[in-house]
Structure formats: structure tokens, C-alpha cells
Amino acid sequence: MADPQVQVGGSGPADYDDVEMQGGDEGAEVIEVGETVGDNGAGGSAEDDKPAQRVTFIDYLKSPMIELLIGSGADQTLLMAHKALLTKSPFFLQKLEPSDTKRIELSDDDLDAMSCFLEYLYTGEYFPHKLPSGNLEVDPSQPKLDESGAQLLKHAKVYTLAEKLEMPALKSLSHSKIHLINSTAPAELNYARYVYSHTTRDDHTIRKPVASFWGQRSHVLRHQTEGTFRQMCMDFPEFAFDVLSFVLDAEEKRAQRKGGGGPDEDVGRSARKRARGQ
């Protein structure tokens, strides 16, 4: 897509507790969180001064394994992940704490999207990675031009899964990758169909760029979609309304830049300049 890119700062293991804080005036008294101060203002015992134990990556790997049953029917697949990492997601935390659950069934979730989520949990990224240049690394299994929408849909499905699992950083990362895919008009329309069928009306983060993309190019791209653009508008009136709103807002701003009046300028003096049918 040619929309503005959403930059995601940083990379690395997702939300681990290994955080260092520095700074402050030299010589100033520092009270550690959790330290008890007596009535005389003195600190606690020597045992209270011991630093808190840092949670390391191996601590996550020592946690119990949880079975994730993804999909249904013949396509159902069993995946395994460490509990301490899964509970980084509030969705899984609710399901796993404090119960003794060892298996979670996710019959409606996409296997590839779930695989990307698990890769992100363990590494802080998922393939294809974003390069320092701002581009995506080359996926040798995919063509350079996405003609079907498969590459767009890969990241869109990660986005909707991240929304479900309440993982905002993963959601932002997947959304940023969408705008790095080179695609055709049919691919973009397949992507738009997925967005409007799997996101809520108030999800402006992903819907607004879609409407903007088609609002700027629909007069050209609709001829490349073999009638499917019209069908998309009929199937998803919210898509049609968002695209139309973008076009009208852009036209209004253009008129204002040229010195025209506001939207109410012509109210009350509208007249048909030609007969119907001409």
C-alpha cells in the first residue's frame, strides 16, 4: 500500500521484565520500591536492601508447557508454548491463571497468524522481519508483487489476532508491515474485504488507510478489479461510505484552499442546471 508507514520503535523479546532505570542526582537518597521506612526515617534491615531477583529468559523456558489446539477438523494443529510467555498476553493470562489448564482450544484462529504470534513472543519479531532500512526482508517463497493479497492478508491476520490477544505492540508491528507490501488492485481489494469483515467500525487505525487508499485511486483502480469493486461496495456499505467520505472531505478542503466558502455556502440556492437524462 502507498499509505504513510507506521513506524514501530525497537525490537527484541516482547515485554520482558529485564528493565534497568538510571539517572537522578548523585548523592540523593533513593528508596527502592517496596522498602519499608520506619518512624525514625531510617531504612529497613540489611535483608531489605537486597536487589530484587531479575527474571531471565531461562525462567520463562522453565515454566510449564501449554498445548494450543489451533483450527478445526482435518486442519487442526497442536502447538506448544511456555506458560510464562503466553501469559504476556492478557487473553491467555485470563485463561491460564490461576487454573491448572494445560490445553486451550482456538478453533477460529489462523494457524499462520498464531505461529507469527508465538515467534514474536520468543524473539520480539516475526518473519519477514523489518530491516534497519525500513523495508521488509525478502521472503524467497513469495513473489515481489503481491497479486492475490496473500502477503497483505498474512499481516492483517496477525493484526486481528493481536487485537484479540491484547498485544498492542504486535498489532502496531503487523500494521506497519502491511504498508511495506507491493501489491496490485485485486490484492488490495481482497485485503480491504478482510479488513471490513474482521474489524470493528471504530478501528480507524486499519480502516482509515484502506478508505484513503481507495478514495485516492478508485477512479483508476476500479477498472482493474473487473467489477469486484462494485460488489465490495454493495457487500460492505461501511467501506463505500468511508471511501465516499474521504473523497468529499478532500474535495471540500480543495475548494477551501482555492478560496471557496464552507460547506453551507450553496445551501438554499441549489437548482438543476439540466434536465434529467441529458
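Predicted model: local features only at pLDDT ≥ 70, side-chain atom pairs only at ≥ 80, totals over all residues.
**View 1. The largest nonpolar core.** Let's start with the largest nonpolar core, which has 28 residues. Those with the most contacts inside it are Leu 68, Leu 86, Phe 92, Phe 117, Leu 118, Met 167 and Leu 170. At least two residues of this core come from each of strands E1 (65-70), E2 (77-82) and E3 (103-106), and from each of helices H2 (83-86), H3 (90-96), H4 (111-123), H5 (150-165) and H6 (168-178). Helix H4 gives the most, with seven residues.

**View 2. Leu 118 and its partners.** Setting aside neighbours within four places in sequence, Leu 118 is in contact with Leu 68, Leu 79, Ala 81 and Leu 86. Elsewhere in the model, a second, separate core of 27 residues includes Leu 152, Leu 180, Tyr 194 and Phe 236.

View 3. Strands E1 and E2 run antiparallel and are joined by six bridges; one to look for pairs Leu 69 with Leu 78 in E2. The hairpin of E1 and E2 has six residues between the strands, and here Gly 71 takes a positive phi near 85°. Strands E1 and E3, by contrast, run parallel, with four bridges joining them. For Ile 70, the bridge partner in E3 is Leu 106.

**View 4. Gln 151 in helix H5.** Now zoom in on Gln 151, which lies in helix H5. Because its relative accessible area is 14%, under the 20% cut-off, Gln 151 counts as buried. Beyond its neighbours within four places in sequence, Gln 151 is in contact with Gln 142, Pro 143, Leu 145, Asp 146 and Ile 181.

Technical notes. Residues numbered from 1 in each chain as written. Heavy atoms only, no water. Core = buried A, V, L, I, M, F, W, Y, C linked by side-chain atoms within 4.5 Å. Buried < 20%, exposed > 50% of the residue type's maximum accessible area, 1.4 Å probe, protein only. Contact = heavy atoms within 4.5 Å. Pairing = 2+ DSSP bridges.
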